[in-house]
Amino acid sequence: MYRKAVLFLVLISFVFLACFWCVKGVDAARLYAEPVQGMKLGLLELEEKAREKQWHMEPLNEREEGGLGIVDVEISGQRIIGFSILEQKLVYELTEEELEIMLRIVEAEAGTEDEDGKLLVANVVLNRMASDEFPDTVSEVVFQKESGEAQFSPVSDGAYYKVEVTEETIRAVERALKGEDISQGALYFAARKYADSTKMKWFDENLKFLFAHGGHEFFK
């Protein structure tokens, strides 16, 4: 009887130990598998983000080439932007000396104006060159005199010779030389605030008012 009880206890202990090691083995397997599962979840998340990013990028990839360029997308998802800028030919070809004169008169007359205001002054000079009423070159237009008086006040007061040409003025003149004209054919302009009242009266009585921009009024 005693031997049976001992054997029974040994058997129960053996079964208990076997169960214990089985449970521990399952836990260990689960623990070992967790990093792998985490990696799998991470990869799935990355793949999902990549698909989402690719979906957002597809319209850019399919965009056709335009005036400024096209946008390509690499497999990595990075955008490669390539610009294909169309070169515009100059409508007005000026010598270096003539270009310097144009830049200086625009800076002197419209140095405090915005870029369009500078463009307008350049337009007036070019409009005069194209008109039968005025000389045919930039230098002749800018330094023209009527009854001994210069047509452009910066020439008469010396401001023309003292200015420093800005990048904005260069851009404005370049726009004008490429043919951009927003002047409506203006041949004259004046800053009423600073102009002689007698001259402004002549403008008002003999010329057609077109529009005002910044501090200048434009006429033809």
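These legends describe close-up views of a predicted model. Local features need pLDDT of at least 70, and side-chain atom pairs count only at pLDDT 80 or more, while totals for chains, interfaces and linings use all residues. Residues are numbered from 1 along each chain as its sequence is written, and side-chain values use heavy atoms, with hydrogens and water left out.

**View 1. Glu-217 in strand 7.** Strand 7 covers residues 216–219 and contains Glu-217. Helices (H or I, at least four residues) and strands (E, at least two) are DSSP runs, numbered from the N terminus. Glu-217 counts as buried because its relative accessibility is 16%; buried means under 20% relative accessible area, exposed over 50%, partly exposed in between (1.4 Å probe, protein chains only). Its side chain makes a polar contact of 2.8 Å with the side chain of Arg-192. A polar contact is a pair of N or O atoms within 3.5 Å; within protein, one must be able to donate a hydrogen and the other to accept it, and residues adjacent in sequence count only if both atoms are side-chain atoms. Leaving aside residues up to four places away in sequence, Glu-217 touches (heavy atoms within 4.5 Å) residues including Tyr-188, Phe-189, Met-200 and Phe-211.

**View 2. The largest nonpolar core.** This core has 30 residues, of which Met-102 and Ile-105 touch the most other members. Helices 2, 3, 4 and 6 and strand 6 each supply at least two residues. Helix 3 gives the most, with eight. A nonpolar core is a set of buried Ala, Val, Leu, Ile, Met, Phe, Trp, Tyr and Cys residues joined through side-chain atoms within 4.5 Å. Beyond residues up to four places away in sequence, Met-102 touches Leu-94, Ala-122, Val-125, Leu-126, Val-138 and Val-173. Another core, of eight residues, lies apart; Tyr-188, Met-200, Phe-203 and Phe-219 are among them.

**View 3. Helix 3 against helix 6.** The two pack at about 45°, axes 8 Å apart. Axes are lines fitted to C-alpha atoms, for helices over the stretch in contact, and angles run from 0 to 180 degrees between N-to-C directions. Helix 3 is therefore oblique to helix 6: angles under 35 degrees count as roughly parallel, over 145 as roughly antiparallel, 65 to 115 as roughly perpendicular and the rest as oblique. Residues that meet include Leu-119 and Ala-122 in helix 3, and Ala-172 and Ala-176 in helix 6.

**View 4. Helix 2 against helix 3.** Here the packing angle is about 130°, with axes 9 Å apart. The pair is therefore oblique. Helix 2 contributes Met-102, Ile-105, Val-106, Glu-109 and Ala-110 to the contact. Among the helix 3 partners are Val-121, Ala-122 and Val-125.
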